[in-house]
Amino acid sequence: MNWHDHLPAFLVMIPLLGAFLTPFVASWGKLVRNVFFVLFMALTLVVGISLCTATFDGRVLVYVMGGESFSLTLPSGMSYPIRILFEIDGFGSLLILCISIAAFAGALFSINYMDRFSGWKRFMSLYFLMTAGALGMSATGDLFNFFVFVEISSIASFGLIAFWRDKPESLEASFKYMLISQVAAMLLLLAIGSLYGKYNALNMGALASMLRAGTLERISLALIVSVLAFKCGAFPMHTWMPDAYAETPSGVTCLLVTVSQASFYGLIRVCYSIFPALTQGGTVGWILIVLGCMSMFFGVLMAVVQHEIKRLMGYHSISQVGYMLLALGVGLLALGNRNDIAAYGLTAMKGGLFHVMNYSFYKGLLFLCAGALYYATGTRDLDKMGGLARNMPWTAGMFVIAAAAISGLPPFNGFVSKWMIYESSFVVHPLLPALAMITSVLTLASFVKVFQAAFLGPAKEKFVAVREVPYGMLAGMAILTVMTLLLTLFPGWFMGNLFENAARALLDHQGYIRAVMGGI
Amino acid sequence: MTDSIVKTTSDFAGNAAYVVVALLVIMALYSILTQKNLIKICIGIAVLGSSVNFFLVLLGYRQGGIPIYYLGGAEKAMVLPTPQCLTLTAIVIALATTALMLSLVILIHKHYGTMNVDEIRRLRG
């Protein structure tokens with residue numbers, strides 16, 4: 001085996017190693033600590049990008065931990081599919097790219113942002129663990145391993161949400177998230193356990209090849225879909241999202257956004273690759289569509305009335321998750337029917353996956369901008385800000401780009417992905433794109449409000465001394481801005497190499513099974 | 001696959017343990033949803049975790065099966081130790097979350113001076 005065959009293992013190993021080296025390295029001074037932090041995140045990013053380019057031609061990378069094949073063969077000749085494996089196809093690599101870029105940008109931003117605070121060892125360790133968990137969730141091909149990575153990233157995020165433990169609000173937000181997340185994780189384990197009890201396999205590919213429709217499978221699917229919808233912040237269980245996003249240090253919020261994307265990844269993976277026998281009927285597709293529409297609409301309605309910048313953005317996250325659920329739900333309706341896939345299914349899925357990447361970058365950028373405003377002014381209340389575009393021209397410029405992208409103004413990337421979602425959901429029901437467009441208009445309205453309140457208007461006396469934020473923070477924001485602009489300028493390249501591949505990988509669940517079972 | 005060899009019991013005695021799991025899960029969810037005291041909610045989460053672990057251990061028990069360690073040959077029914085491994089992992093995770101949760105409760109009590117969830121409501125709207 002060449003060294004680059006081991007890349008999938010490095011993807012999780014590097015941040016894990018970083019997490020456990022942190023307590024030693026962080027005591028050697030500020031410079032060493034910062035270099036170490038950025039270096040390890042950069043290494044993770046390099047591994048993420050090279051894994052992503054390896055799947056451009058539609059290949060599925062399979063990596064078995066500690067062996068050549070995932071089956072253990074006994075001397076008596078019986079073999080069991082028990083080894084843990086990583087399975088990275090087009091969809092997984094899309095998520096890996098989003099997570100590693102957002103994690104790198106968040107790390108750069110945090111170096112200056114967290115400089116005023118103590119507790120760096122804990123901060124860096126938890127940040128590394130959260131990255132490792134999120135990357136593992138999108139790479140793993142084993143259901144129990146998925147649960148373990150969910151827990152690694154969740155426990156790290158509980159710690160990071162409550163990082164400012166002298167603030168009662170962050171403790172409250174962390175406890176709320178923990179409660180929802182723990183119940184969700186335990187029910188997920190229950191569902192995984194019952195599937196294991198029936199099929200004797202935890203491997204996603206092996207499970208998908210054996211799965212038949214039945215009552216137990218229906219219960220497991222219902223449990224898995226509902227708990228992962230919990231975790232990615234869909235409407236009726238969304239309450240943790242604005243609290244957690246608002247109270248977390250901003251560099252971490254940027255990563256937390258992609259961690260909830262990883263839960264979304266799990267949801268979509270389970271629906272498309274493991275349970276296609278059950279989800280083809282259309283019921284699950286419609287459930288996702290209804291959840292998506294409600295999240296979209298109610299999320300944005302609650303966002304419009306907010307006065308606190310990060311809470312406002314937290315509610316917008318709910319509505320953005322709604323778009324993705326809508327798109328992938330529409331795709332699920334078409335699953336198994338060649339004509340429907342050609343007519344609208346593939347467009348919906350490509351649009352939804354495009355939106356996954358757009359959302360990770362512009363939402364991360366918006367949270368970093370909000371963090372920059374908080375760093376410079378010391379307040380998150382929009383009513384107290386004003387006239388800051390003079391003091392912080394770079395932040396203002398990047399905020400405009402992100403706000404235009406999230407509101408779906410042409411020619412920005414958000415417009416392209418939303419347009420594909422409108423176009424395809426119209427075929428299913430004309431009300432769906434109407435609702436999505438109203439959401440988009442309200443999103444624009446609320447971001448115009450934020451921009452006007454924070455950056456425009458007369459200069460306020462107390463903000464005369466406010467300066468642009470330090471270079472590290474600007475660099476973190478610049479990475480996400482550049483990614484947003486690249487997605488805007490070259491949508492064709494990303495579409496051809498990433499989203500088309502990812503959508504085809506999801507539709508071709510036999511290919512996913514073949515990639516694992518072919519090795520036996 | 002092993003379970004084709006093993007006879008599954010359909011009588012009540014064989015399934016009683018699963019009924020206990022179901023009862024425990026329902027009790028835990030009930031306490032999480034209805035209790036107002038933070039500590040009681042934590043107990044609910046811990047009971048939920050234990051009941052899921054109990055369920056996993058139950059899955060590992062197949063009547064007449066022997067542990068795979070003894071290599072009984074093809075005609076004997078063997079049981080993989082996977083559920084036990086899963087349970088150990090899940091116990092460690094549940095321990096970590098319970099400890100973190102209780103420490104959060106201590107800090108919340110310090111700041112708010114109460115354990116009642118209805119009074120811990122600064123994040124609204």
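Predicted model: local features only at pLDDT ≥ 70, side-chain atom pairs only at ≥ 80, totals over all residues.
**Exercise 1. Work out what percentage of the contacts in chain A with a separation of 6 or more join residues 24 or more positions apart.**

Step 1. Start with the term: two residues are in contact if their C-beta atoms, placed from the backbone, lie within 7 Å.

Step 2. Keep the contacts in chain A with a separation of 6 or more; residues 24 or more positions apart account for 81% of them.

Residues are numbered from 1 along each chain as its sequence is written, and chains are lettered from A and ligands numbered from 1 in the order in which they are written.

**Exercise 2. Compare the radius of gyration of chain A with the globule rule.**

Step 1. The radius is taken over C-alpha atoms, and the rule is 2.2 Å times the number of residues to the power 0.38.

Step 2. For 520 residues the rule gives 24 Å, and chain A comes out close to that at 22 Å, so chain A is as compact as a globular protein of that length.

Step 3. For the extents, the C-alpha trace of chain A spans about 80 × 60 × 40 Å along its principal axes.

**Exercise 3. Find where helix α19 of chain A bends, and what its buried residues pack against.**

Step 1. Helices are DSSP runs (H or I, at least four residues), numbered from the N terminus; α19 of chain A covers residues 491-507.

Step 2. Take the bend as the angle between axes fitted to the seven residues ending at a position and the seven starting there. At A:Phe499 the helix bends by about 30°.

Step 3. A residue is buried if 20 or more other C-beta atoms, placed from the backbone, lie within 10 Å of its own. In α19(A) the buried residues include A:Phe499, A:Asn501 and A:Leu506.

Step 4. The partners of the buried residues of α19(A) are α3 (90-113), α10 (250-274) and α14 (338-377) of chain A.

**Exercise 4. Decide whether B:Met101 is buried or exposed, and list its contacts beyond four places in sequence.**

Step 1. Locate the residue: B:Met101 sits in helix α3 of chain B.

Step 2. Count neighbours: B:Met101 is buried because it has 21 C-beta neighbours inside 10 Å.

Step 3. Set aside neighbours within four places in sequence; B:Met101 then touches A:Met178, B:Cys42 and B:Ile45.

Conventions
Helix = DSSP H or I, 4+ residues; strand = E, 2+ residues; numbered from the N terminus. Buried ≥ 20, exposed ≤ 12 C-beta atoms within 10 Å, placed from the backbone.
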